[in-house]
Amino acid sequence: MPRDTLTKEQIIQTAIELLDDEGLDGLNMRSLGKRLGTVATAVYWHVKNKDNLILLVGDRLWDEVELPDLDTVDWRTAATAMAASLHAMFSRHPWLVQAFGSHLFYGPGKARHDDHNLAVYETAGFAGTQADRAAATVFTFVLGNVLGVSATVSLTRRLSRDGADAEALFQDTMAKASEVAMQFPRLRARLETPTAVDYAAAPEQTFEFGLQTLLDGLEAELAGRRAPTGPEAR
């Protein structure tokens, strides 16, 4: 693709595809230029460097997160939708979770998400620092839930590049982990159930259960603040 017809939008979209396929380690200007049908130097006319490109790409992905209309749904429905959509976005792009450890992300996409997220918890009844804490608590929960997926994708990619059979290694490791777990009564009882898959597998709907439990806690916090105290409570 000639330099004068190459656009920043094309670069960002192609970089997303490359990162989803190859991860952070697989992103370089030469590989990106090849996918774009141009030379690496042409990319530098639109982005400063690799770090700048990751920043642009990372910010674009926040546009994938659903921003519910707070005039048509209650705060808890909105919070659930945003958290689930964020979880799905991170799961589609597991490299972004890893990038949080090495890059500082900012931009209009993330700011738009963060602003709407705060609005959700302000609508619920939180204000100021309390709204920040509520939003951050849910965000941290979502991020923690996708760490396993991100780590598995990254490890599988690295093992495969080294020529190893990643699937066989995972199965062997889980078998060894299960052998160790069988020495402990609660883990043994869990593994001996008909529905048990392996030592590392979480029950279905674990994310959904955890999210609703967390929102229950936030709702209880709000209810506690509204409850009358003193003479009014009698």
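Predicted model: local features only at pLDDT ≥ 70, side-chain atom pairs only at ≥ 80, totals over all residues.
Local features need pLDDT of at least 70, side-chain atom pairs count only at pLDDT 80 or more, and totals for chains, interfaces and linings use all residues. Residues are numbered from 1 along each chain as its sequence is written, and side-chain values use heavy atoms, without hydrogens or water.

Helices are DSSP runs (H or I, at least four residues), numbered from the N terminus. Helix α1 holds 15 residues, 8-22. Just after α1, Gly23 takes a positive phi of about 80°.

Eight salt bridges were counted, each a side-chain nitrogen of Lys or Arg within 4 Å of a carboxyl oxygen of Asp or Glu. Glu9 pairs with Arg60 at 2.7 Å, N to O. Glu9 lies in α1 and Arg60 in α4, 51 residues apart. Glu9 is partly exposed at 42% relative accessible area, where partly exposed runs between the buried limit of 20% and the exposed limit of 50%. Arg60 is partly exposed at 28%.

Asp21 and Arg35 form a salt bridge at 3.0 Å, N to O. Asp21 sits in α1 and Arg35 in α2, so the pair ties together parts 14 residues apart in sequence. Asp21 is partly exposed at 46%, and Arg35 is partly exposed at 38%.

Note on methods
Helix = DSSP H or I, 4+ residues; strand = E, 2+ residues; numbered from the N terminus. Expected span 1.5 Å × (residues − 1). Buried < 20%, exposed > 50% of the residue type's maximum accessible area, 1.4 Å probe, protein only.
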